[in-house]
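Here's a quick tour for anyone meeting this structure for the first time. Let's look at what packs together inside and where space is left open.

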Amino acid sequence: MDNAARSQKEKQLIAACIISLVIFAAGWLTLPILSAKILLAVVLLLIAGTLFFSNDTGRYVCKRILLALITVLIIAAITFFSMNAIPGGPFSKEKAPSAAVQAVLEERFHLNEPLGTQFLLYLEGLMQGNFCISTKTGREISTTIFESFAISAKLGGYAALIAIVLGLCFGSIAALNRAKTADRVIIFFTTLFVAVPSFIMATLLLLVFCLKLGWFPIFSTSNQSYVLPVIALMLSPMSYITRLTKTSMLDVLGQDYIRTARAKGVKQSLVIFKHALKNALIPVITYVGPMMAYILTGSMVVETVFTTGGLGTKFVQGISNRDYPMIMGTTIFLATLMVTMTLISDLIYKVVDPRINFD
Amino acid sequence: MSNVPLLQVKNLHTSFITDAGEVKAVNGISYNLDRGKVLGIVGESGSGKSVSAYSVMRILTDTGRVTQGEVLFNGEDILKYTPQQMQSFRGSRISMIFQDPMTCLNPVFTVGSQLREAIRIHTDRTKEQINARALEMLQLVGVNEPEKRLRQYPHELSGGMRQRVMIAMALACEPDILIADEPTTALDVTIQAQILELMQNLQKKMGMAIIMITHDLGVIADICDEIIVMYAGKVCERGTADEIFYNPRHEYTKGLIRSIPRVTEKHEKLVPIAGSPVDLLNLPKGCAFASRCECAMKICLTEQPEETWVNDSHIAACWNNVKRMYEESKGGEAR
């Protein structure tokens, strides 16, 4: 870079600093709560990051976090307004409480305010980490979410780990034994597991191993009771990863650089597990990122069948109880997790495949 | 041992087993390669020139099999080597560079790590020595800013640069033979000349023998000591570069030479060889080239021509050559 361009860049940097300081000062004085002020500062820093970070990964991460914040906001808005568009409210039941009680309840949950104000009040709470309290149980939503997420994450963590490890192994085995018995068996079962919906699989597992054979207990906190839901949860993603790995492994094994590696005298096992697998991983990572988010937050179906009390169950209960804060809380939590997982998988992508250019 | 050629290929047959049947890619080729010599193998796509080289390296794909023949390196049959022996043999005694440098380097590892791997496999040097050797090799093949290149990924290098890296990788362990499978085909013309010159210089410096595989006779005219012309997995003609260019005896060789563009003759149209290559699934009974040959005779369609010696360095497998030599010998007697 020559001097003129450098001084140009410096000028831009100084101008941007001044502008953002002014915005920040104005925001600090006008915004009512501390967390909003902090949020503003973070957003300004991120914008500065997208413009002035010298390496493209840094710029990309800043840009993605900004976009993630906007995404979560939009999702919150859509959930909030569509939920309110449905007729009825959390307290309209067959045995409706008296008008006076209803009024007090509505006052407490700000349901008597106009919609826009309700939304803003909710966001204000959210910024302070306050997910509000459940209209059904009266408990803090954040407590419920974190308690149930602990169960879902344990289930999902095991399921995802097993799915990835087994998927990669089976996929490689199938690719290396193409059109032989091992390949045929693996492909038969993975096709089966992809095709059978998880609620049927979950119900079958529950029926056979729990009720008929009695090998595993009905869901409790014991480790043993995690086995069946983990299996039900991991079968389909494992099969999908197996098939993806097989296809991409076969593609990679036919590439010229594999021939180069063999011509160099690289050991056959190293050719496969170093030279081929790293390339074959690239399409798998694209799938694994969102899958992790999906599995970690708990499949609603599998969790409901096994009555695990995880996040998925709570989400479904929230919807059927028309528990506005519960639905909002879980949705925002899931959205944040999903966005984070996608971002992480994109960054891992860059680590595995240096050709990826974020700009 | 001195009179044993470095590499002897004897009656090599290679086939690919496919669903459609056995594809006979190489049908009995033989040649010798002496230490420090350059052998050119010429032929069109599908003539079996690359497959014959892969057979020597034993890096055929799963469906490929060497069905017959011997490959003797210093008198030892490497087709009988165990996979472990073969691993330490490849890259250290014979190494290979390929046609398309854009796809031959692994895209997810740095140039340095691939180069160092090639050195590490065959030597027990320390990390520093390996690094130094990698740097030295890059300098030797004329890569600019070698320290920076070691840290870069293949996609950050140009095609010519990548081919230089491939050459550095192949020569890092000072092999006795370098097999170059169409090393310049995927490069543009100015780079082609540079790469060929580089290979010639390196050959002078390091003294390895080269097997140069190409479909372009023009490319190998100056650098080869001996040339083999292949068609349908067989040797059509074998001889010194001069004999092939100035005294071609096989009709296919003549056709190839007619199809080289010449700078000296203006406005002359190139003469292509009509027709398309034979179906390797069903080889014809007679000469494989007969259906495309302008001078085909009856015997060409029914009987395979045998290799006949024109002189002690020149072989041709063509009935027209047999006829010509017969006529010449009769003419000689009559005189």
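How does the lining of the second largest pocket divide by class: nonpolar, polar and charged?

## The second largest pocket

Keep in mind that this is a predicted model. As for the question, the lining of this pocket has 24 nonpolar residues, three polar and one charged. The second largest pocket holds about 870 Å³, and 28 residues line it. Nearest its centre you'll find Leu39(A), Leu69(A), Leu73(A), Leu126(A) and Met127(A).

α3(A) gives the most, with eight.

## The largest pocket

The largest pocket has about 1,200 Å³ of space. Its lining is made of 35 residues, and those nearest the centre come from both chains: Arg262(A), plus Ile59(B), Leu60(B), Thr61(B) and Asp62(B). By class, this lining has 17 nonpolar, nine polar and nine charged residues.

Helices from both chains take part, with at least two residues each from α6, α9, α10 and α11 of chain A and from α1 and α2 of chain B. α10(A) gives the most here, with four.

## The nonpolar cores

The largest nonpolar core has 102 residues, and Leu7(B), Tyr31(B), Ile177(B), Ile179(B) and Ile211(B) touch the most other members. Helix α7 of chain B (residues 159–171) supplies the largest share of this core, eight residues. Apart from it lies another core of 26 residues, including Leu206(A) and Ile295(A).

Take Leu7(B): beyond its neighbours within four places in sequence, its contacts include Tyr31(B), Val56(B), Phe73(B), Ile177(B) and Ile211(B).

How values were computed: Residues numbered from 1 in each chain as written. Chains lettered and ligands numbered in written order. Predicted model: local features only at pLDDT ≥ 70, side-chain atom pairs only at ≥ 80, totals over all residues. Heavy atoms only, no water. Core = buried A, V, L, I, M, F, W, Y, C linked by side-chain atoms within 4.5 Å. Buried < 20%, exposed > 50% of the residue type's maximum accessible area, 1.4 Å probe, protein only. Contact = heavy atoms within 4.5 Å. 1 Å grid on protein atoms, 1.4 Å probe; cavity = no way out; pocket = protein on both sides within 12 Å on 5 of 7 lines; lining within 4 Å. Points joined across faces, edges and corners; volume = space filled by probe spheres on them. Nonpolar A, V, L, I, M, F, W, Y, C, P; charged D, E, K, R; others polar.
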